[in-house]
Amino acid sequence: MLNKRQVIVVGSGPAGASAAFYLATNGVDVLMVDKETWPRDKVCGDSQAQNFVSKVYKDMGIYEEVQKVCGYGIRKAFYGGVKEDPAMFDFGGDLSNSFLLQRRIIDDMLRRGAMRVGADFLENFEVTEVIRERGFAKGIRGIYGGKLVELRADAVILANGSHNNLGKPFGIMHLDPELVYIAARGYFRNVRGAEPGCFEEHLVFPEMYPSGYFWSFLLRDDIANVGVFISEKSLIKSNCRLEDYITRWRDTTRIGGERLGESELIGEIKGWRLTTSREVRDDIYGNGILAVGDAGGHINCHSGGGFEFALQSGYAAGMTLPDLLKKGDVSREALRAFYELDAQLINPFMKINTAVHDKVSCDPEIYERFIAFAKEMPDYPNFDQYTAYCMFMMVEQDVDLTEECGIDLVAMNQQQANYEQLPSKL
Ligand SMILES: Cc1cc2nc3c(=O)[nH]c(=O)nc-3n(C[C@H](O)[C@H](O)[C@H](O)COP(=O)(O)OP(=O)(O)OC[C@H]3O[C@@H](n4cnc5c(N)ncnc54)[C@H](O)[C@@H]3O)c2cc1C
């Protein structure tokens with residue numbers, strides 16, 4: 001273990017692995033450290049959706065392997081409100097860019113992908129502090145092999161997930177309590193009515209608004225990932241535990257009863273927090289330091305999805321830092337290049353989810369109107385839920401998506417389609 005590196009990445013989940021992969025691809029000497037023993041589990045719904053995910057899998061050379069081990073791609077979505085009369089969107093047979101795969105498996109593939117191109121890795125290394133000298137991040141201190149160890153670097157990337165406190169001395173990420181969510185998941189056998197390749201969200205109890213829901217995603221081998229997502233504020237107010245919510249869904253609702261009535265829980269229900277955002281934030285970089293993935297709030301506040309954004313923000317770090325390191329300038333001013341690429345990649349999708357959070361899933365009555373509206377749309381059910389959300393906002397609520405929400409749908413679709421063309425090498 002050399003004690004001076006160009007870049008140290010704290011955390012080797014999808015955000016850290018993606019950053020390390022693109023840095024190493026571009027000739028940077030990079031070390032990832034993670035406090036866990038790998039492969040490690042990650043509490044998640046296990047869905048990995050959208051085109052950027054397949055871009056990274058292809059760049060890393062793991063796309064075929066993922067397809068082999070992945071049970072089902074996502075091709076349908078089932079969305080219901082308090083009346084439990086859901087809309088089913090069937091957006092077709094393209095399984096190539098969305099996956100349902102346990103995080104224990106996919107995260108390890110990503111970590112190994114980064115190591116194959118030269119990123120170094122240390123597990124069981126818990127970072128306790130980022131070294132700060134004259135206002136700049138200069139490395140890390142942490143516990144490794146029972147000892148306090150210090151490693152120096154020209155820049156530090158925080159990819160340590162949603163419990164990130166390491167960036168505080170650098171002014172990184174002051175949390176907005178309105179946007180902190182909590183979610184829990186369990187693996188269940190014998191879940192009835194869950195379809196292969198179908199993404200389900202049920203916003204069934206009034207206190208789940210805005211944007212709380214139950215999900216049920218069928219993975220391979222008859223096992224489903226079932227969970228609940230709710231704002232921390234609502235959860236505290238309800239005085240319930242997340243496990244109680246899952247039991248209540250099973251015992252008091254039609255769809256919950258069908259999914260879980262005869263199911264068997266495998267292992268435990270586990271919860272985790274989600275530091276969601278309304279857009280890419282300007283407080284995720286400082287002198288010699290930047291935050292990617294959950295550590296930088298890259299989770300959308302409507303669905304809680306953050307896997308794709310983790311990969312995107314890692315890419316933004318990996319594609320901007322090499323030049324800055326060459327120039328010897330990693331000041332906050334210079335690192336704005338990271339923020340700009342990050343925002344350019346992610347913001348259109350963050351903004352659309354924020355609009356849904358504010359204008360569609362904000363209230364049970366509005367959400368029911370959305371479901372009814374979607375079912376009346378021409379071509380129903382052959383489009384995706386985002387098409388339905390946007391049509392509902394434009395037609396039913398008279399929302400100008402561009403003016404009010406900064407969303408350019410044409411540019412957004414173009415951007416999705418062009419991801420594969422983005423370079424992986426500078
Ligand atoms: C219940 C739940 C369900 C979800 N479902 C979905 C979903 O279906 N689809 C989706 O897209 N997103 C989902 N998300 C969000 C998604 O899990 C995250 O956005 C994603 O994991 C972010 O990746 P990351 O690399 O930033 O962080 P993580 O995956 O959390 O990785 C952080 C890593 O940092 C390490 N670490 C932490 N602290 C330290 C330290 N001090 N020193 C060293 N290492 C450290 C950890 O061990 C970990 O390996 C869900 C989240 C939750 C909680």
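Trainee: Is strand β13 (residues 198-202) mostly covered or mostly open, and how many of its five residues are buried?

Mentor: Good place to start, and keep in mind that this is a predicted model. Strand β13 is mostly covered, with five of its five residues buried.

Trainee: Which way do the residues of β13 point?

Mentor: The general idea first: in a regular strand the side chains alternate between the two faces of the sheet. Here C198, E200 and H202 point one way from β13, while F199 and E201 point the other way. Residues on either side are buried.

Trainee: Which strands pair with β13, and in what sense?

Mentor: Strand β5 (residues 76-80) pairs with β13 in the parallel sense, over five bridges. Strand β14 (residues 213-218) pairs with β13 in the antiparallel sense, over two bridges. There, E201 has W215 of β14 as its bridge partner.

Trainee: What should I look for in the loop between β13 and β14?

Mentor: Look at P210, which is found in that loop. As a rule, most residues other than glycine have a negative phi, and most peptide bonds are trans. The peptide bond from Y209 to P210 is cis, with omega near 0°. Another cis peptide bond joins W38 and P39, where omega is about 0°. P39 sits in the loop between β2 (30-33) and β3.

Trainee: And which residues other than glycine have a positive phi?

Mentor: N124 and R134 are two to look at. Phi is near 55° for N124 and near 45° for R134. N124 lies in the loop between β8 (120-122) and β9, and R134 in the loop between β9 and β10 (136-144).

Trainee: Why is strand β1 (residues 4-10) described as largely enclosed?

Mentor: Five of the seven residues of β1 are buried, so the rest of the structure largely encloses this strand. β1 pairs with strand β11 (residues 147-158) in the parallel sense over six bridges, and V9 has I157 of β11 as its bridge partner. β1 also pairs with β2 in the parallel sense, over four bridges, and V7 stands opposite V30 there.

Trainee: Which residues touch the most other members of the largest nonpolar core?

Mentor: The general idea is that in soluble globular proteins, nonpolar side chains tend to be buried together. In this structure, the largest nonpolar core has 128 residues, and V10, A20, V156 and I157 touch the most other members. Helix α9 (residues 332-359) gives this core its largest share, eleven residues. For a close-up, take I157: leaving out residues up to four places away in sequence, it touches V7, V9, V10, A19, L290, V292 and A317.

Trainee: How is the protein divided into domains?

Mentor: The domain assignment gives domain 1 (4-72 + 100-174 + 277-347), domain 2 (178-275) and domain 3 (355-417). Four residues from domain 1 and four residues from domain 3 make up the contact between those two. On the domain 1 side, one of the touching residues is nonpolar, three are polar and none is charged. The C-alpha centres of domain 1 and domain 3 lie 32 Å apart.

Trainee: Finally, which residues come nearest to the ligand?

Mentor: There are 40 residues around the ligand, and G11, G13, G45, G293 and G306 come nearest. Elements giving two or more residues to this shell include α1 (14-25), β12 (180-189) and α8 (307-327). By class, the shell divides into 17 nonpolar, 13 polar and ten charged residues. Domain 1 and domain 2 each give at least three residues to the shell.

Definitions and conventions. Residues numbered from 1 in each chain as written. Predicted model: local features only at pLDDT ≥ 70, side-chain atom pairs only at ≥ 80, totals over all residues. Near = placed C-beta within 6 Å. Nonpolar A, V, L, I, M, F, W, Y, C, P; charged D, E, K, R; others polar. Domains from an automatic or database assignment. Contact = placed C-beta atoms within 7 Å. Core = buried A, V, L, I, M, F, W, Y, C linked by C-beta atoms within 7 Å. Buried ≥ 20, exposed ≤ 12 C-beta atoms within 10 Å, placed from the backbone. Pairing = 2+ DSSP bridges.
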